[in-house]
Amino acid sequence: MTEHSPLHGVRVVEAAGWAAAYAGKLLAEAGADVVRVVPPGGDPLAAEPPFFGGSGVSIQETWYNLGKRVTALDLATPDGRAAFASLVAGTDLLLEDWAPGAEPLSTNEIPGGVVRLSLTHTGRDTEQLAANDLVANALSGAASVTGDTHTPPLTGYGNQTHHTTGLYAAICALAGLRAQRVTGAGQHIDLSAHEALVSCTEQLLMQRFFAGTWPPEAKRQGSLHWSGVYAVFPDRNGQGMMVTAALRFMEDILPWLEEDGMAAELADKEQFGDILALVRQAPLVMRRMREWVATKDGNTMFFEAQAKHLSWGPSVPIPEVAKNPQAAARGYYQEASIPGFGAARLPGRAFRTDADGPRPAPAARVTVTDLGWEARTAASPGPTLPPARPLEGVRVLDFTHVLAGPFGTRALADLGADIIKVGTASRAGGANSPAHPYYVSWNRNKRSLMLNMASPSGVEVARRLAAASDAITENFSAGVLRRWGIDRASLSAVNPKLTVVSMGGMGQDGPWRDFVTFAPTIHALVGLTYLTNPPGEHLLGYG
């Protein structure tokens with residue numbers, strides 16, 4: 001990593017399992033110097049399959065530890081604990097998942113200027129519960145709405161609970177580091193994996209909190225989205241195709257159905273006067289769409305749909321995912337030399353910045369002496385009063401809509417950031433309406449305003465707000481902020497410290513940069529839809 005990488009100079013000690021290991025990986029990708037501490041017998045992740053060929057080298061251990069340095073210490077011995085204490089004295093951040101009462105270091109042995117993040121399943125002040133990915137998924141409520149009435153509940157493929165909790169851990173750790181920089185004092189963060197996972201159950205909480213608006217009980221209904229207007233249907237070749245009638249039904253979908261002679265029973269356009277009317281007619285609409293998809297080649301339909309700005313996508317098996325031309329054009333995959341195996345192709349960073357250095361390489365084995373870390377001195381507090389919450393004083397201009405972006409900025413708002421939620425005139429309906437339970441669920445603790453970004457005055461207001469903000473987040477199609485003149489380059493003269501986070505589904509470049517995606521589209525295109533189905537079943541569609 002270069003000295004301009006976002007976390008250059010930040011030292012992290014990681015003494016934990018899956019979830020915190022993912023947090024450490026994300027911090028390493030951002031330029032932090034992450035040292036993972038493992039037992040003398042080796043990293044517990046090394047026993048986890050799958051393995052590279054017949055080498056016995058764990059793919060998971062390799063991937064989770066990319067960009068880190070690994071040191072072996074026996075924390076059950078006085079010498080091991082002493083070496084660990086010296087390591088912690090030189091760090092900025094300690095990631096750990098120790099059970100209370102079983103810590104290798106006492107609180108007094110952890111320097112007061114260190115940010116310590118403790119990750120347990122239910123929090124440090126509760127009876128401790130051991131929960132793997134499967135159990136954590138079940139306890140959060142997520143498994144209760146997977147599969148259908150004829151199959152057992154399912155769990156998300158690929159350590160999804162660990163990744164969710166790891167993302168929370170990375171966010172909270174960075175917030176703690178920011179508070180440490182402002183106050184000069186360390187922080188102790190108590191993060192509950194269970195609480196983090198429950199917060200992500202989307203409609204489950206919304207249906208409970210707004211029972212008068214939504215059915216109080218969520219159903220298990222296969223691939224059918226809780227709204228009733230997203231589902232995976234088989235094409236004529238048996239491949240799954242994720243389609244939705246939620247967007248552009250009158251403008252594009254119905255005319256397309258009519259063109260193909262598949263619009264029987266749908267000709268009365270008055271029955272689809274608005275989105276609520278469409279939802280009421282969802283069973284009829286989705287049955288007709290299932291019949292229609294069965295006549296199509298899914299891959300051809302995908303590109304035809306995207307040309308009409310429809311957020312559809314085929315259910316792609318993993319070998320085909322690896323051939324994705326968008327990922328290839330963006331240089332996502334990396335070639336790496338794996339100790340004990342040889343050359344292999346690995347997934348790249350979860351995000352990119354304009355200051356990235358070399359890609360994170362497989363972990364290097366080191367000793368504590370090799371590190372050469374000296375004890376950190378406490379940071380001097382800044383000129384401002386200590387914040388009541390770790391991100392107090394940080395202002396974010398939030399242009400995101402629907403779920404992923406608002407959820408991310410909600411986490412920042414909960415940590416004290418001043419989030420200004422900007423709604424636009426063209427996206428003021430449905431889930432983006434302040435009167436909608438969906439909007440209320442994901443935009444708490446924010447300030448909000450509506451701007452007409454098609455007018456010069458609306459753009460000028462946005463530019464003034466951006467000039468007075470620390471960051472902008474957006475999930476528009478590629479290039480929208482640049483056209484408005486509120487991208488980082490356009491504002492660099494008036495706000496050189498501005499950070500812009502663009503989280504479009506396909507990224508800002510590449511042949512698919514203009515494709516329209518929502519969460520179900522991404523699930524389908526990256527293989528999760530294909531993998532997360534009942535045993536022996538490739539598809540779960542609307543019956």
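Start at strand β10, which spans residues 334-338 and contains Q334. Strands (E, at least two residues) and helices (H or I, at least four) are DSSP runs, numbered from the N terminus. This is a predicted model, where local features need pLDDT of at least 70, side-chain atom pairs count only at pLDDT 80 or more, and totals for chains, interfaces and linings use all residues. Residues are numbered from 1 along each chain as its sequence is written, and side-chain values use heavy atoms, with hydrogens and water left out.

Q334 is buried, because its relative accessibility is 7%. Buried means under 20% relative accessible area, exposed over 50%, and partly exposed in between (1.4 Å probe, protein chains only). Leaving aside residues up to four places away in sequence, Q334 touches A344, R345, L346, P347, G348, R359 and P360. Contact here means heavy atoms within 4.5 Å.

Now move to G416. This residue sits in the loop between α15 (404-414) and β14 (418-424). G416 is buried too, at 9% relative accessibility. Its contacts are R389, L391, E392 and G393, again not counting residues up to four places away in sequence. S469 is 53 residues from G416 in sequence, and the two are 15 Å apart in space, C-alpha to C-alpha.

How exposed is V135? V135 is partly exposed, since its relative accessible area is 34%.
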